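I opened this entry to work through one protein chain. My plan is to go from overall figures to single residues.

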Amino acid sequence: MKKLTGFVLLALLFASSVYAAPTDVNLVPLKRVVSYGQKTVTTAGTEVQLVASSTVCSSVTIKAIYNNTGYIAVGSNSSVTMANGFLLSPNESISLDVDNVQDVYIDSSVSAEGVSWIAII
């Protein structure tokens, strides 16, 4: 972490305004994208891990592909089903505070449908 002293001007990301900050400002790096991808459930009723290898993160957002015709079930273990998972309709999303993308599982009500996902640290 960098520490600045004196009068500092800070520009906010995605904003057109500039703000003045008092002295002794601690600058903290912004979170950044670490990983993203898509996952398809080949056979409906068969849960799959979002990623096969460990992907450390602080949160992950999962979005059902817009042209899915059925539902996606999201859960935290390999027993996720349409009956017990968090259901996403096409183009719906959910953000989860998890420490590893590998901890997320999905299932689908229709074969060959899936999600896109993005994780941040």
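What percentage of the 121 residues in the protein chain is buried? I looked it up in this predicted model: buried residues make up 31%.

Surface next. I read an accessible surface of about 7,600 Å² for the protein chain. Carbon and sulfur atoms account for 55% of that area.

Then secondary structure. I found twelve strands and zero helices.

I took the contacts in the protein chain between residues at least 6 apart, and 73% of them join residues at least 24 apart.

Core entry. I looked up the largest nonpolar core, and it has 18 residues. L50, V60, I62, V101, I106 and W117 have the most contacts inside it. β7 (59-64), β8 (72-75) and β12 (113-120) each give two or more residues to this core.

Leaving aside neighbours within four places in sequence, I62 is in contact with residues including L50, V74, L88, V104, V115 and W117. E92 and S93 are also among the contacts of I62.

Sheet entry. I traced an open sheet of four strands, ordered β6-β11-β8-β9, with antiparallel pairing. Why does one side of β6 and of β9 lack a neighbour in the sheet? β6 (48-49) and β9 (86-88) stand at the edges with a single partner strand each, so one side of each is left without a neighbour.

Last, the β6 pairing. β6 pairs with β11 (residues 105-108) over two bridges, in the antiparallel sense. I noted Q49 opposite Y105 in β11.

Technical notes: Residues numbered from 1 in each chain as written. Predicted model: local features only at pLDDT ≥ 70, side-chain atom pairs only at ≥ 80, totals over all residues. Heavy atoms only, no water. Core = buried A, V, L, I, M, F, W, Y, C linked by side-chain atoms within 4.5 Å. Buried < 20%, exposed > 50% of the residue type's maximum accessible area, 1.4 Å probe, protein only. Contact = heavy atoms within 4.5 Å. Areas by Shrake-Rupley, 256 points an atom, 1.4 Å probe, with all protein chains shown as cover. Pairing = 2+ DSSP bridges.
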